[in-house]
Amino acid sequence: MKRIAAAALGLGLAFSSPAMAEPLKIGMITTLSGGGAGLGIDIRDGFLLAIKQSGNKDIKVIVEDDAQKPELAVQIADKMVQSEKVDILTGIVWSNLAMAVVPGVVGQGTFYLSTNAGPSALAGAKCNPNYFNVAYQNDNLHEAMGNYTNTINYKKTFILAPNYPAGTDALTGFKRFYKGALAGEVYTKVGQTDYATEIAQIRASGADSVYFFLPGGMGIAFMKQYSQSGISTPVMGPGFSFDQDVLGAVGDAAIGVKNSSHWSKDLDNAANKKYVAAFKAEYNRLPSLYATQGYDTANLILSAAAKASVKDKDAFRAALKEAKFDSVRGKFKFGNNNHPIQDIYVREVIKEDGVLTNKIIATSFTDHQDAYAKDCKM
Amino acid sequence: MSSALLIEQVLNGLQFGVMLFLMAAGLTLIFGVMGVINLAHGSLYMVGAFACAAVAAYTGSFWLGLVASLAAAAAAGAIVEVTVIRRLYSRDHLDQVLATFALILIFSEGTRWVFGSFPLYLDIPPVLQGAVSLPGGAQYQLYRLAIIAAGLVVAIGLYLLISRTRLGMRIRAGESDREMIGALGVDIASLNTIVFALGAALAGLAGALVGALQSVQVGMGEPVLILAFVVIVIGGIGSIKGALIGAILVGVVDTMGRFLLPQLLTLFMEPSQAATAGAAIASMLIYIVMAFILAVRPKGLFAVNA
Amino acid sequence: MANREKLINTALALLLPALALAAYGMGEPFYVTLATRIAILALAAAGLNLALGLGGLVSFGHAAFFGIGGYMAGIFATHAFNQTPLFTWPIEIAATDQMPVIWLVSAGVAALVALPIGLISLRTSGVYFIMITLAFAQMIYYFAISWPAYGGEDGLSITMRNGFPGVNTLDPLNYFLIAYGLLLLVLFIFTRIRDSRFGAALQAARQNEVRVASIGIRPLRIRLAAFVISAMITAVAGALFADLNRFVGPSMLSWNMSGELIVLIILGGTGRLFGPVAGAILFVLFEFALGGLTEHWQLFLGLILLGVVLFVRGGLIGLLAGKVHHG
């Protein structure tokens, strides 16, 4: 059954109900089938873990699969808002699906909390008081790596990304902070799985480092082929290309790669330790960035629900904006455009007890805000 | 631009083309003998990759995985032929398109059900790891050279099979006149199953070989499937020779387009724009080539029974 | 038997508005939206049915025209909302948010694109035709993904649904009635074409090309006309679909979408007047019902489709009304 009444997972009746007994209905639209299903499953699992831990029985979560199709996501969103009358929608993985769903949903007065996608339009001119991004703005991780590249004196970086908006945004974000010269800038085909052509260009360019943004299977393919090409130029990437959900498929080729992320499993705070242990106990695998974003989103909702009724939209919105919850990222707050202001770290891939994972080696940004916040009239 | 880089890119094009040939050969054989259009061919490629990754992870041997990929894809192909495709020989292409479209959904979701939602890991065997130096100073990945070699061996093997063996004779007879060979006492039903399984095994082999280079995941077969269709349409449906030449043409044109177009455009515009515009045109290039070829030769370059 | 098909058609024609009105009455706007989705997909498939059902032209690239319509709606809506002109060169043309204009432009652009595609593709037949239409659609798909001006892969969201003179299109029932009205109009046009001399020639060319050519009709011209008209209808449906979803993106142009349009026709009954309607009802209900039941719903959808093509020849209408009578 796909409809999971999270309340049923709760622990005990008598002990769990907080003072407020206002029922809260959350709709989660995420990708549970097809090639991108791993990401949605992680978001869902992280989210439901937090709800379960809270023991809050007044929260009902309905989960549905969007199959990574924008049209289907819109249809499910309409159903959840108009027919199921959910108070909050969340869960979407992909920016193009978020662009299709979010403006309509927040326009109808429903809250939307983003668990991953952070397209620039929603952070800037099209920002909305009912839209909160609990993950990161799409450019952030690339900006962090561009910034970090300066500190370790790379002067000739080769950059590549797929030829679509998120790809051009990524490289723009990197270049926004990177001060060195570019050894090359290449845009690949979306969904491309063979990078021999690009790797040959990297070899010929004389680059001293490579930065790539190739989400999902594209990144896995690139890393495997790069490691076999006989080039020793160091590679850098955004955190999600080296996170727990893909590291297994990349294999040892990933060891030593530096990547940027707003979270890491080894972040030293109590909430994070509790979370990593609980996730492993519940699902028998290490949590990924996606799972973490789902977990933090659920905890943000829980913190707001403890303060205000969701029926009082203004009070609930204010409670969300306060963001007084134990984020596993340590500190977390929202900027004027309801996007996070947070630290962004640089991690390195290591092998620990036979499993590939990451450890933090540097902090690239402290309290970093996205570049679009100034375009948001809020 | 150095000659080493150029040589490397030509090899890349060749390797991509050889991989497409393994896919296209099965498709074109199945169409040639049975007249069936099989959209689920990409799913057989995926089955091969998953079988290889699973067996290699379990036994630690890529080579056992490779054997498993051939066996699994051939078995999947035979089962599909006996349960579904066999009922479609007398139908029009429309029914075949729909039935095999349905098979894609079944294979993709079934594979995800069995293997889970996260991509699998498959590594290159130790013997073929690393890069070798080519004349001219270029470094080239050894495994890619091995793929080129494997593809050429398969091409020669197929040629011998079709021109020199009894089975090949029946295949050729089946291509020219299905009713006639039935009347001559050849067991058409088992011939069809064998040809279908053979085509499936080739797709599975391609999936396993490529799986070590990229990510083994659900849906990996569909982009390759469409390219394989482009190949057989350019080459002439039913022609193995056409499939080989079409595959290498598509492989080289696509690779060179991706490599040269952005550089060419820097002559007219600033680098960043040239990079995106060049990539955009490169992604459409093989379809443009295909349209040109079909505008001149509507039945492809090497049409069978034109 | 023919009378039975009429009865079924009437029932199908009444079913959709009955569903929409009932849902509206019960305060369930979502189900009105679902009925609208059915009507729009049926409209798109009805366009394809003209080429595929009557002409036997198995186009595996109709998503291209569906998407072109969608992008027209998205582009007009964006420019109209931002009050920027569509073009400034050679002359300045202002955008409008009026649906009838957008539909005409969609149909016009689709015709301009379908004409060269048809000219090249129709030189081929059979599998070649299937594959070359697929290839052209892929070309447009990749163009849309890498064309940054209108969103690329992110697509375009439509802030305000386009308008229709004298009607508030934001009301779900009104929008349903617009889509349904267009569907009925197109089905009427379909019958007129089917029963015309042109339609007779088209169907004859499907059945026996040599004989048609021998009586002095040029099959290529007939087929090209059918292909272009079919593309125009599908494009109008695409414009409606984008306005329904308040979004258009490259996924409307993808080969999966082309496949789904074919699926709709076969599910309902190839070449049948109400085949696309029956197919769209079935497909949307399957997708809707299965999606709520299991994560692996696509597996079951595949099994159902396979079952239909293997055991229920002629689709739903074929099952209920029996074989087609040629005459």
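This is a predicted model: local features need pLDDT of at least 70, side-chain atom pairs count only at pLDDT 80 or more; totals for chains, interfaces and linings use all residues.
Biologist: Two strands pair if DSSP finds at least two bridges between them, so which order do the 5 strands of the open sheet in chain A have?
Modeller: The order is β2-β1-β3-β4-β5 in chain A, and the pairing is parallel. Residues are numbered from 1 along each chain as its sequence is written, with chains lettered from A and ligands numbered from 1 in the order in which they are written.

Biologist: How many bridges join β3 and β4 of chain A?
Modeller: Strand β3 (residues 88–90) and strand β4 (residues 111–114) of chain A pair in the parallel sense over 3 bridges. T90(A), for one, has L113(A) in β4(A) as its bridge partner.

Biologist: Zooming out, how many helices and strands are there in chain A?
Modeller: Chain A has 13 helices and 13 strands. Its radius of gyration is 20 Å, close to the 21 Å that the globule rule gives for 378 residues, so chain A is as compact as a globular protein of that length. The radius is taken over C-alpha atoms, and the rule is 2.2 Å times the number of residues to the power 0.38. Along the principal axes, the C-alpha atoms of chain A fill a box of roughly 65 × 45 × 35 Å.

Biologist: What does the secondary structure of chain C come to?
Modeller: Chain C has 13 helices and 4 strands. For its 327 residues the globule rule gives 20 Å, and the radius of gyration of chain C is close to that at 20 Å, so this chain too is as compact as a globular protein of its length. The box for the C-alpha atoms of chain C is roughly 55 × 50 × 40 Å along the principal axes.

Biologist: OK, interfaces. How many residues of chain C are in contact with chain B?
Modeller: 36 residues of chain C are in contact with 37 residues of chain B. On the chain C side, α5(C) brings the largest share, 14 residues. By class, that side has 26 nonpolar, 9 polar and 1 charged residues. Asp, Glu, Lys and Arg count as charged, Ala, Val, Leu, Ile, Met, Phe, Trp, Tyr, Cys and Pro as nonpolar, and the others, Gly among them, as polar.

Biologist: And how many residues does the contact of chain C with chain A take?
Modeller: That contact takes 26 residues from chain C and 28 residues from chain A. Here α2(C) gives the most to the chain C side, with 4 residues. This side divides into 6 nonpolar, 14 polar and 6 charged residues.

Biologist: Back to chain B: at what angle do α4(B) and α12(C) pack?
Modeller: At about 155 degrees, with their axes 8 Å apart. That makes α4(B) roughly antiparallel to α12(C). Angles over 145 degrees count as roughly antiparallel, under 35 as roughly parallel, 65 to 115 as roughly perpendicular and the rest as oblique.

Biologist: Which residues of α4(B) and α12(C) make the contact?
Modeller: Among them are L98(B), I106(B) and W113(B) of α4(B), and L299(C), L306(C) and V309(C) of α12(C). By class, this contact has 14 nonpolar, 4 polar and 2 charged residues.

Biologist: How about α2(C) and α10(C), at what angle do they cross?
Modeller: They cross at roughly 80 degrees, and their axes come within 9 Å. That makes α2(C) roughly perpendicular to α10(C). In α2(C), residues including L41(C), A45(C) and L48(C) take part, and they meet L261(C), L264(C) and I265(C) in α10(C). The contact of α2(C) with α10(C) has 8 nonpolar, 2 polar and no charged residues.

Definitions and conventions
Two residues are in contact if their C-beta atoms, placed from the backbone, lie within 7 Å. Helices (H or I, at least four residues) and strands (E, at least two) are DSSP runs, numbered from the N terminus. Axes are lines fitted to C-alpha atoms, for helices over the stretch in contact, and angles run from 0 to 180 degrees between N-to-C directions. Two strands pair if DSSP finds at least two bridges between them.
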